[in-house]
Amino acid sequence: MVKKKVMLPADEVDLATVKYHYEKIEAPHLTGIGLKLFVKLVETPLIGSLIISRLKKENKMIEMLRNTVIPEAPMFKPEFPPQESETGVVLLDEDGKPEERVELAFKGLPEYDPVKSWNSDSSSPFRYWKIRDYAYAYRSKLTTPSIVAERFILAMDEFNNKKPPTPLLISYDPELLRKQAADSTRRFEEGNPLSVLDGIFMAIKDDIDCIPHPSKGGTSFFHEVRPIEEDAVCVARLRRCGVILVGKANMHELGLGTTGNNPIHGTARNPHAPERYTGGSSSGPAAIVASGLCSAALGTDGGGSVRIPSSLCGIVGLKSTYGRTDMKGSICDSGTVEIIGPITSSVEDAVLVYSAILGSSTAERISMKPSCPCLPDLTSHESSKILGSLRLGKYTEWFNDVFSTEISDKCEDVLSRLLETHGCKTVEIVIPELHEMRIAHIVAIGSESASGLNPDFEDGKKVMFTHDTRTNLALFQSFSASEYVAAQCLRRRLMYYHTEILKNVDVIVTPTTGMTAPVIPPSALSSGETDMQVTGNLMRFVVPANLLGFPAISVPVGYDKQGLPIGFQLIGRPWCEATILRLGAAIEELCSAPKKKPLQFYDILKGN
């Protein structure tokens with residue numbers, strides 16, 4: 001007999017008594033033959049159930065989900081109270097044309113100096129080309145989308161012949177790319193580009209529909225059971241703006257992992273250190289942007305899958321508020337934690353791409369009542385004053401719970417520089433029940449994933465999944481209906497805590513990940529890998545934005561002693577993307593130099 005535990009109602013919890021618990025995940029690190037044997041055991045009747053039950057018990061999941069009375073009612077998807085309007089912003093019409101939203105976003109960016117940007121030479125410090133650099137080069141006839149396309153194709157040929165393989169795209173057609181580039185070149189010759197995004201090269205993660213490419217979700221077969229007939233809504237909006245869609249980017253199979261490992265199509269490698277992971281699950285999108293081959297890419301983020309690889313690859317990843325972008329046309333379009341978001345080399349490029357893809361679905365507008373989307377007006381004299389008024393919430397013990405103090409020290413330095421330069425004050429906060437939040441998140445995303453995949457899993461497709469996907473599904477399929485409901489009761493508690501915190505601060509600040517890019521074990525390339533300690537380190541700070549639906553952004557702020565990128569995360573109030581984008585742009589400027597050129601980098605704009 002197990003004695004039940006009764007939680008106090010969230011509004012009665014005394015924050016002064018809250019203690020931070022450094023979490024150690026109890027699970028084996030497996031790869032190679034060990035992983036294959038483990039999968040065989042967990043899929044064996046009775047034996048598998050005993051193993052999974054033991055793992056759940058050791059990680060206190062059973063205690064929390066079965067033996068605890070949670071007084072709150074369940075919250076099956078994020079619910080937000082009304083928010084105050086942001087100031088110093090550009091208002092956007094989500095029912096309007098995406099190219100018109102992009103134009104408004106463009107007008108809200110700081111002044112562009114083409115001489116300073118374009119006339120850099122090999123002796124200049126490294127920087128990524130921005131979307132406005134491409135737009136200027138096209139309009140000034142310094143190059144054309146067709147010329148850039150040929151450079152892209154040559155670079156992809158070189159990339160695809162690398163040893164060991166480092167596949168960026170799962171589906172790619174050079175002739176289709178040439179046709180899109182030729183159409184864009186013609187529009188510039190006629191003086192009629194569709195938007196500032198016309199001729200901009202973008203990759204689409206393999207779980208987002210982009211015709212005529214199949215959506216495999218990183219598997220070998222998913223396109224056969226889920227054929228596509230049209231673009232995802234977000235992709236269609238990009239097409240209207242003239243974006244050149246280069247193909248479907250590699251990913252961790254079905255998004256069920258944080259490293260980017262994929263034994264089926266090959267594992268994308270970190271451009272800064274090819275022996276290390278990119279992070280996942282949006283591995284290909286992050287690698288292709290960090291390599292300079294695309295200005296931007298679309299990823300999905302249900303558990304940090306845009307922000308984690310952006311952090312590990314030294315670029316920008318934006319997760320918008322849950323419900324802000326229409327998920328129709330993505331494999332994960334029916335979950336309660338996922339969004340589609342941009343991965344870019346700069347915050348201003350994230351602003352431009354986000355302005356194109358935003359717009360809630362009809363169902364989300366009815367149920368969530370989103371506020372009017374807006375972007376920061378970075379041309380306004382008020383912008384500096386607004387920055388100075390921001391209060392940044394920092395839970396110090398959580399902030400410092402990192403694999404190496406180089407990460408927390410670098411992020412702490414950012415806070416000092418924000419105070420010194422802009423007057424941004426850091427406020428100490430306490431966030432209760434972070435362990436419970438991680439449990440609630442894995443039950444939510446796991447149950448939703450299992451629900452969508454069970455028909456194919458039971459229809460003989462089980463052996464076609466990778467071993468780490470099968471390991472995850474063995475856990476996910478063990479969650480009962482009562483455990484799922486308990487997780488949703490936790491979601492309501494955690495929403496209360498965070499809503500109260502965000503009444504006193506504007507943004508919650510953390511490192512994006514608890515570690516920099518992990519090394520790829522050689523045996524993991526062919527058989528996959530499960531390492532929950534690495535997963536815990538990578539996901540430590542990203543979960544609140546997914547479980548609770550808040551907007552968040554990862555901005556690169558420097559490197560560790562090994563030259564590996566470090567990301568800084570901003571979590572904002574619901575619907576307040578403008579605030580985190582404004583602060584992200586300020587952080588980017590403070591941390592602009594020196595930037596490290598990735599080992600694998602291609603300059604397809606100038607062809608250097």
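A residue is called buried when its relative accessible area is under 20%, and in this predicted model Phe159 is buried, with a relative accessible area of 1%. Phe159 lies in helix α7, which spans residues 145–160, whereas Tyr602 belongs to the segment after α24 (577–590), and the two residues stand 443 positions apart in the chain. Tyr602 has a relative accessibility of 12% and therefore also counts as buried.

The aromatic contacts can be considered together. A pair of aromatic rings is described by the distance of the centres and the angle of the planes. In total, 20 aromatic pairs are counted in the structure. One of them joins Tyr20 and Tyr22, whose ring centres lie 4.9 Å apart with the planes at 85°, so that this pair is edge-to-face. Elsewhere, Phe221, Phe222, Phe457 and Phe465 form one aromatic cluster. A charge placed over a ring is also found at Phe399, where Lys394 lies over the face of the ring at 4.9 Å from the ring centre.

Empty space inside the protein was examined next. Rolling a probe the size of a water molecule over the atoms shows where such space is left. The structure holds one cavity of 30 Å³ or more, and the volume of the largest cavity is about 80 Å³. Grouped by class, the lining consists of eight nonpolar, three polar and one charged residues.

With regard to the cysteines, zero disulfides are present in the structure. For Cys234, the closest cysteine sulfur is that of Cys332, and because the two sulfur atoms are 11 Å apart, they are too far from each other for a bond, given that a disulfide requires sulfur atoms within 2.5 Å. Cys234 is buried, with a relative accessible area of 0%, and Cys489, at 9% relative accessibility, likewise counts as buried.

Methods:
Residues are numbered from 1 along each chain as its sequence is written. This is a predicted model: local features need pLDDT of at least 70, side-chain atom pairs count only at pLDDT 80 or more; totals for chains, interfaces and linings use all residues. Side-chain values use heavy atoms; hydrogens and water are left out. On a 1 Å grid over the protein atoms alone, a cavity is a set of points where a 1.4 Å probe fits but cannot get out, and a pocket is an open set with protein on both sides within 12 Å along at least five of seven lines; lining residues have an atom within 4 Å of a point. Grid points are joined across faces, edges and corners, and a volume is the space filled by probe spheres set on the points. Ala, Val, Leu, Ile, Met, Phe, Trp, Tyr, Cys and Pro count as nonpolar, Asp, Glu, Lys and Arg as charged, and the others, Gly among them, as polar. Rings of Phe, Tyr and Trp (its six-membered ring) pair if their centres lie within 6.5 Å; planes under 30 degrees apart count as stacked, over 60 as edge-to-face and the rest as tilted. Helices (H or I, at least four residues) and strands (E, at least two) are DSSP runs, numbered from the N terminus. Buried means under 20% relative accessible area, exposed over 50%, partly exposed in between (1.4 Å probe, protein chains only). A charge sits over a ring if NZ of Lys or CZ of Arg is within 6 Å of the ring centre and within 35 degrees of the ring normal.
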